[in-house]
Amino acid sequence: MHNEVISFNPYQMAIQQFELAADKLGLSEDMREILRKPKRELIVNFPVRLDNGHVKTFTGYRVQHNMNRGPTKGGIRYSSQVILDEVRALAMWMTWKCAVVGIPYGGAKGGVLCDPKLMTSGELERMTRRYTTEISVIIGPHSDIPAPDVNTNPQIMSWMMDTYSMHAGYSIPAVVTGKPLSIGGSEGRNDATATGVLFVTRRAAQHLGMTLKGARVSLQGFGNAGSVAAKLFYNEGCKIVAVSDTQGSIYNEDGLDPAEVLRHKQARGSVIGFPRAQSLGVADVLEVPCDVLIPAATEGVTTTANVHRVQARIVTEAANGPTTPEADQILFKRGCLVVPDILANAGGVTVSYFEWVQDLQSFFWGTEEITKRLQIIMNRAFDTVLEQAELYHCDLRLAANMLAISRVAEASQIRGIYP
């Protein structure tokens, strides 16, 4: 297992998934050349004055993968793990994600190499504003619209929006999504990813003839997507048997109350030590007896090293790229239904799209309308992917990739090559 983690390259994995789908579609080598590589990659090195008076130079990235179906869209992550290949992979997955749910965007991604947990609020603000200024040459409400991702939040989006607007001399709320409501954010945005995960899991359960009421659910990751998903599945009548964070996992076969776990995590900084629960290792959450497994943390967690111990009937990928292609094949052969990331977690970008539309029109919708529209889009996408999987006798990931890639290829074909 140790070697697999070290050699894991998200971009190679994204390319591997792409080639599998392209082979099945019979895509020409010319079209593969166009879709394989990102359109634009920007690397910026910029100085930021720290609170102690010293100046530190940070490295930031913004990659735009494809814009043939519309402006690009994608999160910004602040992490000491950010590498260009990860940003490239996430930008590519974002292109397919938008195409799968039929949203008129291409994919982008950004990141700054830093450890936000060691930075003060003032340092984070100065870094965010300077990074925004550096990438402002390629972002914009009609070209590339950033959003929150790992270690970024509505406050960071507010600073980005404000910085971009200051340069223009007037407010441009549509330049980013995931903002607070007071400056053009959307209702339902915080819960959007998890709500989408619930909608597609419900659909998957129906397809397998399972009921979600009483189903045992294990969640890897208890951040925004994971903790909200835990609450939604709990309200649906599921039994949350295990949750984890970076410190470890907790397990109780009789079920956990996610609201109590969240209070414990807020007080203690981790889910570990939660009363009435057994403490397990970080990766054990993937292997507990459950009906539905929701990886909601990072890439490459289910590998050939641990896939044989995964016991779930449905794996709904709230995180990006949690299952390696080799592990995918094993789960598929075993009859485990994997709802792939580009479909399962597309609720976030769908409601981001709603936020962008509302900002451009300066006309806002209520929560009910947003949830209703989200459900229609997620259900339609799931049904189309399932149809494709049954037609080609393949797993849902290959079907989702084929559907997405064919849509992007069609747009590229119709638009042609300029000049």
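Guide: P10, Y11, M13, A14, I15, Q17 and F18 in α2 meet D85, E86, R88, A89, M92, W93 and W96 in α4, where meeting means heavy atoms within 4.5 Å. By class, that contact has 10 nonpolar, 1 polar and 3 charged residues. Here Ala, Val, Leu, Ile, Met, Phe, Trp, Tyr, Cys and Pro count as nonpolar, Asp, Glu, Lys and Arg as charged, and the others, Gly among them, as polar.

Visitor: At what angle do helix α2 and helix α4 pack?

Guide: About 35°, and the axes of α2 (residues 10-25) and α4 (residues 84-100) are 7 Å apart. Axes are lines fitted to C-alpha atoms, for helices over the stretch in contact, and angles run from 0 to 180 degrees between N-to-C directions. The helices (H or I, at least four residues) and strands (E, at least two) are DSSP runs, numbered from the N terminus.

Visitor: Before I go on, what kind of model is this?

Guide: A predicted model: local features need pLDDT of at least 70, side-chain atom pairs count only at pLDDT 80 or more, and totals for chains, interfaces and linings use all residues. Residues are numbered from 1 along each chain as its sequence is written, and side-chain values use heavy atoms, with hydrogens and water left out.

Visitor: OK, salt bridges. How many does the structure hold?

Guide: 29, each being a side-chain nitrogen of Lys or Arg within 4 Å of a carboxyl oxygen of Asp or Glu. In one of them, R62 meets D144 at 2.7 Å, N to O. That pair links distant parts of the chain, with R62 in strand β2 (residues 55-64) and D144 in strand β5, 82 residues apart.

Visitor: Are R62 and D144 buried or exposed?

Guide: Both are buried, and that means under 20% relative accessible area, with exposed over 50% and partly exposed in between (1.4 Å probe, protein chains only).

Visitor: What else is in β5, say at P146?

Guide: P146 is found in that strand, which covers residues 144-148. P146 has a relative accessible area of 0%, so it counts as buried. Leaving out residues up to four places away in sequence, P146 touches R62, K73, G74, I76, I139, M157, M160, V175, V176 and T177.

Visitor: Back to bridges. Which residue does K179 pair with?

Guide: D359, at 2.7 Å, N to O. K179 is in the loop between α6 (154-168) and α7 (192-208), while D359 is in helix α12 (residues 347-361), 180 residues apart. K179 is buried at 4%, and D359 is buried at 7%.

Visitor: And R203 with D383, what do they tie together?

Guide: Their side chains meet at 2.8 Å, N to O. R203 lies in helix α7 and D383 in helix α13 (residues 367-392), so the bridge ties together parts 180 residues apart in sequence. R203 is partly exposed at 25%, and D383 is partly exposed at 30%.

Visitor: Switching to holes: which residues line the largest cavity?

Guide: L90, W93, M94, K97, K109 and N320. The largest share, 4 residues, comes from α4. About 30 Å³ of space lies in that cavity. On a 1 Å grid over the protein atoms alone, a cavity is a set of points where a 1.4 Å probe fits but cannot get out, and lining residues have an atom within 4 Å of a point. Grid points are joined across faces, edges and corners, and a volume is the space filled by probe spheres set on the points.

How values were computed:
1 Å grid on protein atoms, 1.4 Å probe; cavity = no way out; pocket = protein on both sides within 12 Å on 5 of 7 lines; lining within 4 Å.
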